[in-house]
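Me: Please examine the structure shown below and answer a few questions about it.

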Amino acid sequence: MSALKKAKGFKKSKPGTYLSIGTTLFGAVNVFKQAKKARFENDKLQLADAVVSAAAIVTGVALLARELKRMGDDDVLAD
């Protein structure tokens, strides 16, 4: 099995999904810092960018959580 196929398989696995959630949430730290700086500098455009980025993070985590739930539903031994 090639390394690329292994990587694609890992991305669709539970550990891969958990890793994706973690890295997505790690990005939230930078968005929080950006929003804090924008509020301090009273930069409304940068604050709007931070809000949109935060919404993207929330949506991304929700999609990944849904994928985890679907993986659990497919697991015969989960019942």
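Me: Which residues does Gln-34 touch, not counting residues up to four places away in sequence?
Reply: This is a predicted model, in which local features need pLDDT of at least 70, side-chain atom pairs count only at pLDDT 80 or more, and totals for chains, interfaces and linings use all residues. Residues are numbered from 1 along each chain as its sequence is written, and side-chain values use heavy atoms, with hydrogens and water left out. Contact means heavy atoms within 4.5 Å. With those sequence neighbours set aside, Gln-34 touches Gln-46, Asp-49 and Ala-50.

Me: Is Gln-34 buried or exposed?
Reply: Gln-34 belongs to helix H2, helices being DSSP runs of H or I with at least four residues, numbered from the N terminus. Buried means under 20% relative accessible area, exposed over 50%, and partly exposed in between (1.4 Å probe, protein chains only). Gln-34 has a relative accessible area of 19%, so this residue is buried.

Me: Which residues is Leu-64 in contact with, leaving aside its neighbours within four places in sequence?
Reply: Leu-64 is a member of the largest nonpolar core. Apart from those neighbours, its contacts are Thr-17, Ser-20, Ile-21 and Thr-24.

Definitions and conventions. A nonpolar core is a set of buried Ala, Val, Leu, Ile, Met, Phe, Trp, Tyr and Cys residues joined through side-chain atoms within 4.5 Å. Helices (H or I, at least four residues) and strands (E, at least two) are DSSP runs, numbered from the N terminus.
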